[in-house]
Amino acid sequence: MGAVADAAITDATRRLIEKEPTVVFVLGGPGSGKGTQCANIVQHFGYTHLSAGDLLRAEIKSGSENGTMIQNMIKEGKIVPSEVTIKLLQNAMLESANNKFLIDGFPRNEENRAAFEAVTKIEPAFVLFFECSEEEMERRLLGRNQGREDDNIETIRKRFKVFMESSIPVVEYYESKGKVCKIDAAKPIEEVFEAVKAVFTTQDAVVVA
Ligand SMILES: Nc1ncnc2c1ncn2[C@@H]1O[C@H](COP(=O)(O)OP(=O)(O)OP(=O)(O)O)[C@@H](O)[C@H]1O
Ligand SMILES: Nc1ccn([C@@H]2O[C@H](COP(=O)(O)O)[C@@H](O)[C@H]2O)c(=O)n1
Ligand SMILES: [Mg+2]
């Protein structure tokens, strides 16, 4: 077994296991609407939304020693080393009073996926995957106007490339385990949420049973 699979159970891991968390991974290309739909899911289904990208941006703002490295990676559309992102996700789950989490934008590559499983011992209940064309995602990102440093055409193209090369294989991995629920995310927000609601209504019953 590799070093990742052999990772020792730390005190943080033990405390997280004791919480018996339910985790849903929310995946999809940049601008597919993950954050938008997670906000709706929180309102209707009582999950806590953890966006890996938001946690990394907060880490930059906090003045952490990793801040400059994270900022450079985000500007280039590259994936931050798993240990950094997993620590942020693990701490956020431990600090929350909830035990139902939507993890948005993670895992982004095979390293993210394997390291998360090895460190936290958590398998997702299911994976929500938002499908949308690059043309539509590009239009949404260029119109987002939230002051994100990576919402410019040069970085957007790099993010699309990373998504196709590194993130799609993660979706395929979970598909092979029968865990992926695909959503047509090109439709208007309300219609996408109708499809999301149908998935959560069915899947929550399975998770709770
Ligand atoms: N179904 C939709 N139709 C039209 N616009 C949408 C739709 N869903 C989201 N948007 C808009 O597209 C932009 C991107 O949405 P959002 O931030 O939810 O995407 P994301 O998948 O979280 O992106 P990122 O990976 O960059 O964080 C936002 O301005 C949002 O209002
Ligand atoms: N698992 C992740 C998630 C995100 N990043 C970096 O953050 C950028 C923005 O992410 P969004 O989900 O908010 O679009 C992304 O392009 C990566 O640079 C990461 O490294 N690892
Ligand atoms: Mg987002």
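A residue counts as near a molecule or strand if its C-beta atom, placed from the backbone, lies within 6 Å of it. I begin with that definition, and now turn to the model itself.

This is a predicted model, in which local features need pLDDT of at least 70 and side-chain atom pairs count only at pLDDT 80 or more, while totals for chains, interfaces and linings use all residues. Residues are numbered from 1 along each chain as its sequence is written, and chains are lettered from A and ligands numbered from 1 in the order in which they are written.

Let us start with the ligands. Ligand 2 is surrounded by 18 residues, of which A52, G53, V80, G105 and R108 are the closest. Which helices each supply at least two residues of this shell? They are α3 (52–61) and α4 (67–75); helices here are DSSP runs of H or I with at least four residues, strands are runs of E with at least two, and both are numbered from the N terminus. The most comes from α3, with 3 residues. The shell of ligand 2 holds 8 nonpolar, 6 polar and 4 charged residues. In this classification Ala, Val, Leu, Ile, Met, Phe, Trp, Tyr, Cys and Pro are nonpolar, Asp, Glu, Lys and Arg are charged, and the others, Gly among them, are polar.

Ligand 1 has 15 residues around it, and G33, K34, G35, T36 and R140 come nearest. Two or more residues of this shell are given by α2 (34–45) and by α9 (189–208). The largest share, 3 residues, belongs to α2. By class, the shell of ligand 1 contains 4 nonpolar, 8 polar and 3 charged residues.

My next topic is the sheet. Strands of a sheet pair through backbone hydrogen bonds, either parallel or antiparallel. In this model, 5 strands form an open sheet with parallel pairing, in the order β2-β3-β1-β4-β5; two strands pair if DSSP finds at least two bridges between them. Because β2 (48–51) and β5 (180–184) stand at the edges with a single partner strand each, one side of each is left without a neighbour in the sheet. Between β2 and β3 (residues 100–104), which run parallel, there are 4 bridges.

Finally, I come to a pair of helices. How far apart are the axes of α3 and α4? They are 8 Å apart, and the helices pack at an angle of about 135°. That makes α3 oblique to α4, since angles under 35 degrees count as roughly parallel, over 145 as roughly antiparallel, 65 to 115 as roughly perpendicular and the rest as oblique. In their contact, L56, E59 and I60 of α3 meet G67, I70, Q71 and I74 of α4; residues are in contact if their C-beta atoms, placed from the backbone, lie within 7 Å. This contact has 4 nonpolar, 2 polar and 1 charged residues.

Note on methods:
Axes are lines fitted to C-alpha atoms, for helices over the stretch in contact, and angles run from 0 to 180 degrees between N-to-C directions. Two residues are in contact if their C-beta atoms, placed from the backbone, lie within 7 Å.
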